[in-house]
Amino acid sequence: MSDPLPADLAAVFADIDAWRAFLDPYAPHNLGRPLATAAPGDLPSLLRASLTAPFGAPAGVAAGLWAQPAPLAVRTALALWLVALPEHGLTAAHAARALDHAIVLCREAPELPFDLFVAFADQLRLALFRASYAAVDLLPAASAAGDFVAAGAQRFFPAHRAPPPARPTAPRARIGYVSRHFRRHAVGQCVANRIVCRDRARFEVTTFMLGFERDDVTRLIERHSDEHVAVSAEDVGAAARAIAARRLDLLLFADAGMDLPSYVLAGLRLAPRQAVLMGHAATTGLPTLSHYIGGDHEAPGADAHYRERLVRLPRLGAAQLPPVEPARPPTRGELGLPDDAVVLVSTAHGIKHPPERDALLVDILRSAPAAHIALKPYFAADRVDRRFGDRLGGAARAAGVADRLHILPPLARAADVLGLLAVSDVLLDTYPFGGWTTSLEALWAGLPIVTQEGVLGRSRWGAALLRALAIDDGIAADERGYVAEAVRFAADAALRTRVRARIAAGARAAFFDGPAAQPAYEAALLDLLAR
């Protein structure tokens, strides 16, 4: 029997905002500290270190943590700390250390009471999500976390430990889609056409929205579903019962791991066959999902990066909803950009800009004196991180190019992104986690892309999108090539014009035509059902 949760800590774990303050990735006490020097088994030292250097836990301290003679809530709090990662300033070393801790902690974890299980499962999910933005292989840690989460989910919801029996063969396959993001979001825009463009003679579709947010994409999905079910994201048991009650042939998670409810639900067995789509670009590590339905951008050896069986759809599996067009694009002056500059833009979130790449932006500005770089690293005003700006701005000031680096404030509306692209000249893709939605929006707007191609699927989208349009310009194999391609585009107006013309001639038909992309996708579903 686990020891009871002390009343004061019970209150903390019951209030997600309170315990997040302990691990707030924007709090001053959580950034910029030296590495902790705590030793394995020294709980007082670990506790002190967790308050001053939560993203600097030394290697090896996770072993034996669960066996220490301290309240289980205290040990769980330290486990949360050991797998914590910052939102901005993430390095590969940060990620690798947290993932190593996760493997040990998941392997040695006791059966936690529900509140502590939820807290730790959510921190594991967040660690895997953030670590995916570094150049690390997630599979070992994702599999350890997946086993832990699936075992816990099935312990708390035992009615869903075993797959329900398959239905008798019917003329239409009964498919369910689950997400919290069936809205104007990267996941919703990626998945919506799969529902809208389906063959209604062969597929009956129920969509399960976790939560009650609604916008134009939600209404589109609802209109094209045979049944649309909105369930509370706070009640996983009720959501599981609602899904299982539909007696589906196949349950598809549009994303699993972007939020806790989808992660826990994906650890249950709610249909005879369960798979995940490319809502987030990494393996879930869950033993309950048989297939990962991705695209042909993956490297030849990419199967080794997934616990699920990898499905490679043609043309990256893209069937994207068109982005929202601005009623009136902003002027460069309104954005603080000069009219006579060549504007290289990144619309990627700040988490996609690792510190190791700061020098590349500076090198581009040094080598391309007519260029300005504009970054849009924030989605919302409450997520603006001044340290991110200080870090990049400091590097630019030291090089004497700070006047040509622009860090933009959050853009209020979805259409503002296309407005920014409309006054820009070239998109700078990020690495090691490249842009899916951001790259497709740039291609919709006709913008050339400079991208660096890596080994992991999430670092290969930009290159594959360009090659699908028979464009090799802008594709780099390493950092030096990335800088060279950016400088070449900044200096060569004729090159920009030529590549823009090729993008305008083919991008929308290649990546935004839902009906054309649907047959290959549905063939993959039928093959999965036949298994």
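I take pLDDT to be the predictor's confidence in each residue, from 0 to 100, and a contact to mean heavy atoms within 4.5 Å. The model I am reading is predicted, and I keep to its conventions: local features need pLDDT of at least 70, side-chain atom pairs count only at pLDDT 80 or more, and totals for chains, interfaces and linings use all residues. Residues are numbered from 1 along each chain as its sequence is written, and side-chain values use heavy atoms, with hydrogens and water left out.

**Confidence.** I looked up the overall score and found that the protein chain averages a pLDDT of 91, with 91% of the residues scoring at least 70. Over residues 1–6 I found that pLDDT stays under 50, and for this stretch the model has 13 contacts beyond four places in sequence.

**Aromatic pairs.** I count rings of Phe, Tyr and Trp (its six-membered ring) as a pair if their centres lie within 6.5 Å, calling planes under 30 degrees apart stacked, over 60 edge-to-face and the rest tilted. How many aromatic pairs does the structure hold? I find twelve. One of them joins F433 and W461 edge-to-face, at 5.7 Å centre to centre and with 75° between the planes. I number helices (H or I, at least four residues) and strands (E, at least two) as DSSP runs from the N terminus. Because F433 lies in the loop between strand 11 (426–428) and helix 16 (437–444), while W461 lies in helix 17 (residues 461–468), the pair ties together parts that are 28 residues apart in sequence. For accessibility I use buried for under 20% relative accessible area, exposed for over 50% and partly exposed for in between (1.4 Å probe, protein chains only). By that rule F433 counts as buried at 5% relative accessibility, and W461 counts as buried at 5% relative accessibility.

I then noted W444 and F512, an edge-to-face pair with 4.9 Å from centre to centre and 65° between the planes. W444 lies in helix 16 and F512 in the loop between helix 19 (493–511) and helix 20 (514–530), so this pair ties together parts that are 68 residues apart in sequence. W444 counts as buried at 14% relative accessibility, and F512 is buried with a relative accessible area of 10%. Elsewhere I find a cluster in which ring pairs link W66, F114, F117, F120, F148 and F156.

**Charges over rings.** R194 lies over the face of Y521, 4.3 Å from the ring centre, and the charged end of R357 sits over the ring of Y482, 4.9 Å from its centre.

**Helix 20.** Where is the kink in helix 20 centred? I find it at A520, with a bend of about 25°, taken as the angle between axes fitted to the seven residues ending there and the seven starting there. Among the buried residues of helix 20 are G514, Y521 and E522.

**H181.** Is H181 buried or exposed? H181 is buried, with a relative accessible area of 7%, and its place is in the loop between strand 1 (173–179) and helix 8 (186–196). Leaving aside neighbours within four places in sequence, I find H181 in contact with V187, G188, D255, M258 and D259.

How values were computed:
Lys NZ or Arg CZ within 6 Å of the ring centre and 35° of its normal.
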